[in-house]
Amino acid sequence: MISHSLYLHIPFCRHRCGYCDFNTYAGLDSLVPQYVRALCAEMVYLRNRLEHALPVHTVFLGGGTPSLLPIAELENILGTLMVCFNLHPQAEVSLEANPGTVSLEYLRSLHALGINRLSLGMQTASPEELRLLEREHDFQAVIEAVSWSRRAGFDNLNLDLIFGLPYQALSSWQRSLELAIGLCPEHLSLYSLTLEHGTPLGRWAERGLICEPDSDNAAEMYEWSMERLEHSGFKQYEISNWAVRRDGLLAQPALPGIGSRGAWLRRRDTHSECAGTRCLYPAPAKLWHPGPFLSSNSSNSIDPAHRPTG
Ligand code: SF4
């Protein structure tokens with residue numbers, strides 16, 4: 001049976017960033033328990049319609065800001081997932097987190113749940129650019145989030161960065177990427193900013209309040225990044241995604257084009273093409289550990305109706 005990749009969307013954020021047109025909502029945290037119940041019910045519904053549990057090799061909890069979810073809600077989601085799908089023992093289970101929303105204790109709990117990869121939204125190291133994007137964190141929060149993630153046991157980190165911003169000089173982008181490389185992530189996702197219609201940034205540009213991003217400038221940043229990362233031990237396996245080489249192998253993802261957010265959603269980078277589910281690189285050696293919610297029972301032997309409840 002073909003193995004699948006699962007994307008679970010968590011549409012909650014503390015606030016809407018100026019460039020964001022994702023399906024996400026601020027100020028609706030009171031709906032989190034209801035939403036998690038609905039998500040779990042959907043997984044159970046899918047399971048009940050199939051004869052066998054679908055094999056799954058990668059799971060990505062994206063958003064939105066999944067790191068805003070309380071651990072108990074994530075435990076419900078992952079517990080239901082284990083019941084409803086046949087998760088590969090080496091599955092990559094990623095969670096998207098925003099710097100400034102996590103603590104060491106929270107990250108330790110995530111790791112204990114069985115999440116084995118974090119994707120952190122760094123975006124840029126420049127305070128001015130972060131302000132323009134209306135991001136709430138600063139670069140210090142990125143440093144802390146990376147440091148705490150390592151202490152919590154994560155050996156597979158991605159950093160998301162955005163380039164081609166209005167007013168962004170090549171030198172500023174170079175500084176941001178150098179600082180990101182200095183944090184030693186296993187993976188980098190670099191996205192070129194698109195000003196989406198209906199977003200604050202898009203409206204400001206339409207009214208002439210800010211300048212449009214310069215596409216030639218963005219192309220120069222992209223080409224420089226390709227070269228820089230090639231010389232830093234990264235392998236570009238997809239238009240927006242780079243993974244560290246380890247002993248001739250890619251650190252991750254297990255299936256290129258699947259374990260990164262850019263390839264999951266295809267919504268930030270219009271140049272991307274789906275890499276499909278072909279296995280081009282060997283899977284990482286690290287075994288997925290099921291966390292506390294799965295006992296010795298097999299995921300297929302549990303009645304989905306008896307899933308953990310919120
Ligand atoms: S960019 Fe990310 S953190 Fe900001 S509103 Fe959109 S989903 Fe939320």
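In this protein, residues 24 or more positions apart account for 76% of the contacts with a separation of 6 or more. Keep in mind that this is a predicted model.

Now the overall inventory. The protein has nine helices and eleven strands. Of its 310 residues, 42% are buried.

Next, the core. Which residues have the most contacts inside the largest nonpolar core? They are Leu81, Leu120, Leu159, Leu161 and Leu188, in a core of 64 residues. Helix α2 gives the most to this core, with seven residues. Take Leu120 as an example. Leaving aside residues up to four places away in sequence, Leu120 touches Ala97, Pro99, Val142, Ala145, Val146, Leu157, Asn158, Leu159 and Asp160. Leu159, one of the residues on that list, is also among those with the most contacts in the core.

Helix α2 covers residues 71-84, and Ala72 lies in it. Is Ala72 buried or exposed? Ala72 has 12 other C-beta atoms within 10 Å, so it is exposed. The cut-off for exposed is 12 or fewer.

Helix α2 also has a partner. Two packed helices are described by the angle between their axes and the distance between the axes. For α1, residues 32-49, and α2, the angle is about 5° and the axes are 9 Å apart. The two helices are therefore roughly parallel to each other, since angles under 35 degrees count as such. On the α1 side, the residues that meet α2 include Val36, Leu39, Cys40 and Met43. On the α2 side, those that meet α1 include Asn76, Ile77, Thr80 and Leu81.

On to helix α8, residues 215-230. Helix α8 has 16 residues and reaches 22 Å from its first C-alpha to its last, close to the 22 Å expected at 1.5 Å a residue. Where do its buried residues sit? Met221, Ser225 and Leu229 are buried in α8. Seen down the axis of α8, the buried residues fall within an arc of 55°, so they line one face of the helix. The face turned away from the buried side carries exposed residues: Asp216, Ala219, Glu223, Glu227 and Glu230. What do the buried residues of α8 pack against? They pack against two kinds of element: helix α6 (170-182), and strands β7 (157-163), β8 (187-192), β9 (234-238) and β10 (241-246).

Last, some backbone details. Most residues other than glycine have a negative phi, and most peptide bonds are trans.

The peptide bond from Gly63 to Gly64 is cis, with omega near 10°. Gly64 is in the loop between β4 (54-63) and α2.

Gln123 is not a glycine, yet its phi is positive, near 70°. Gln123 is in strand β6, residues 117-123. Gln123 counts as buried because it has 27 C-beta neighbours inside 10 Å.

Glu134 also has a positive phi, of about 60°, although it is not a glycine. Glu134 lies in the loop between α4 (127-132) and α5 (139-152). With 15 other C-beta atoms within 10 Å, Glu134 is partly exposed.

How values were computed
Residues numbered from 1 in each chain as written. Predicted model: local features only at pLDDT ≥ 70, side-chain atom pairs only at ≥ 80, totals over all residues. Helix = DSSP H or I, 4+ residues; strand = E, 2+ residues; numbered from the N terminus. Buried ≥ 20, exposed ≤ 12 C-beta atoms within 10 Å, placed from the backbone. Expected span 1.5 Å × (residues − 1). Arc of directions from axis to C-beta. Contact = placed C-beta atoms within 7 Å. Core = buried A, V, L, I, M, F, W, Y, C linked by C-beta atoms within 7 Å. Axes fitted to C-alpha atoms, helices over the stretch in contact; angles between N-to-C directions. Parallel < 35°, antiparallel > 145°, perpendicular 65-115°, else oblique.
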